[in-house]
Amino acid sequence: MTHVAVIDYGMGNLHSVAKALEFVGKRAGKSLKVSVTSDPLVLQEADRLVFPGVGAMRDCMAEIRHLCIDEILREQVRKKPVLAICVGMQALMQSSEENGGVDCIGLFAGKVLRFADDLVDAQGAALKVPHMGWNQVRQTQAHPMWQGIGDNGRFYFVHSYYVAPHSTIEVAGETDYPQPFCSALAHKNIFAVQFHPEKSQENGLQLLQNFLSWNGQAS
Amino acid sequence: MSLAKRIIPCLDCDNGRVVKGVKFVDIRDAGDPVEISKRYCDQGADEITFLDITASSQDRSTTIHTVEAIASQVFIPLTVGGGIRKLQDIRNMLNAGADKVGINTSAVLNPEFVREAAERFGSQCIVVAIDAKCVSKPGEPKRWEIFTHGGRNPTGLEAIAWAKKMVSYGAGEILLTSMDRDGTKSGFDLELNLAISSAVPVPVIASGGVGTLQDLVDGIQIGKADAVLAASIFHFGQFTIPQAKQYMREHGIEMR
């Protein structure tokens, strides 16, 4: 049996992530247990962790620190696969520009930046912020998490901030808005995505299904 | 490679059933919200919007269960509006599986609520729903005002200024409904939509009045909407979502 723990720090859209995991587990005929929890013992016990996130970074980080999720993640990421989603991905960076500047967990070197206010597309039309809707992800490296998902497949995004990692080696996917930004990061046991796989219909469900069988290696 | 425009079927719900009226009266039963959401998702809808249309008038405790049921089967974004009055209401909806909440009446009664909600949960999940009606006389410069309680109560607030204010308070998206067009099948109020979309930096969803597929194209190309919302044309089988997407694609609009 596979045990996935969805880390609950009071900020995420947890029902969706948990339901999507249960859905793909069932579909793939896997024996699967999904816990939604902040209990350190359950997080240690689980085979894999999902680190979701919705909300403002200052409040997210306050809850993460309050519940010692940062410490648990640092320790657990050495032992098991971790999938970080949206603000969960952003929280893994060193710092974010949001809320006047927030220190984050720092598992990846780099910052979280806001999209500029004056973005325009190739035709000169204004681009809105938040970046909201279905955009394409260019797979910049082969990775088991991309298995069965077409290059430039569409995923659902909703965010005003994006990660700017120091190392391009860790970038697993890029999206244009209108400049390329990092929409997926991979390093050892961590796969982190800016989009919401739990809301990205078939492509997203496939990614979650891949996560259930991923061994935490890059290939 | 770019961001696609969105088609959003809207489920106006009353006591756990999808309904659709003309100008908010003459309500027809259109079915079970979970079943309908699933069908639209399978057909390629880009999002689902669930509006509890009587939420400001009555108790809405069953909504959470419906949202949970939809979110268990539908893996595309879900916006829930109606009766969102407190931060706890938002928390409950997000935990039930909603991705965004629509705030309408409560924003008018207490604009600070929008600010608090955006600070707590992030602008990306705060949709301010604006019900606007044209109040200028023929020949005068166009002027739209905000109405609440399903179009029943005038507020005296001017629509463009209100939209800007809501964005400055943290709204991440505007759901703009023309009360004049809603349910009439005579097309979006394109002037209203263009005026609001040009005035705010966040995405605008055009709503109210879709009768043909060309209306959807016009909403995006003339009204400069980022997404188009429709109910009747899909609920009563006039068009399917794939037909709508195909038509929009043929007219040069990037679709998923």
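Is Val36 of chain A buried, exposed or partly exposed, and how many other C-beta atoms lie within 10 Å? Val36(A) is partly exposed, with 19 other C-beta atoms within 10 Å; a residue is called buried if 20 or more other C-beta atoms lie within 10 Å of its own, exposed if 12 or fewer, and partly exposed in between, the C-beta atoms being placed from the backbone.

The model is predicted, and local features are therefore reported at pLDDT of at least 70 and side-chain atom pairs at pLDDT 80 or more, whereas totals for chains, interfaces and linings use all residues. Residues are numbered from 1 along each chain as its sequence is written, while chains are lettered from A and ligands numbered from 1 in the order in which they are written.

**The surroundings of Val36(A)**

Val36(A) has its place in strand S2 (residues 32–37) of chain A, where helices (H or I, at least four residues) and strands (E, at least two) are DSSP runs numbered from the N terminus. Leaving aside neighbours within four places in sequence, Val36(A) is in contact with Val6(A), Asp8(A), Leu14(A) and Ala18(A); contact requires that the C-beta atoms of two residues, placed from the backbone, lie within 7 Å. Val17(A) is 19 residues from Val36(A) in sequence, and the C-alpha to C-alpha distance between them is 9.4 Å.

**The two chains**

The C-alpha atoms of chain A fill a box of roughly 50 × 40 × 30 Å along the principal axes, and of the contacts in chain A with a separation of 6 or more, 69% are between residues 24 or more positions apart.

**Where the chains meet**

In the interface, 34 residues of chain A are in contact with 32 residues of chain B. On the side of chain A that touches chain B, at least two residues each come from helix H1 (14–27), strand S8 (131–139), strand S9 (153–159) and helix H6 (201–213) of chain A, and S8(A) gives the largest share, 6 residues.

S8(A) is also largely enclosed by the rest of the structure, because 7 of its 9 residues are buried. S8(A) and S9(A) run antiparallel and are joined by 7 bridges, two strands being paired if DSSP finds at least two bridges between them. Val137(A) stands opposite Gly153(A) in S9(A). With strand S11 (residues 171–176) of chain A, S8(A) pairs in the antiparallel sense over 2 bridges, and there Arg138(A) has Glu174(A) as its bridge partner.

**Elements of chain B**

Strand S1 (residues 6–14) of chain B is mostly covered, with 8 of its 9 residues buried. S1(B) pairs in the parallel sense with strand S12 (residues 227–230) of chain B over 4 bridges, where Pro9(B) has Ala230(B) as its bridge partner. Strand S4 (residues 48–52) of chain B likewise runs parallel to S1(B), joined by 4 bridges, and Cys10(B) stands opposite Thr49(B) in S4(B).

Helix H8 (residues 213–221) of chain B is mostly covered as well, 7 of its 9 residues being buried. What covers the buried residues of H8(B) includes helix H7 (190–199), strand S11 (204–207), S12 and helix H10 (241–250) of chain B.
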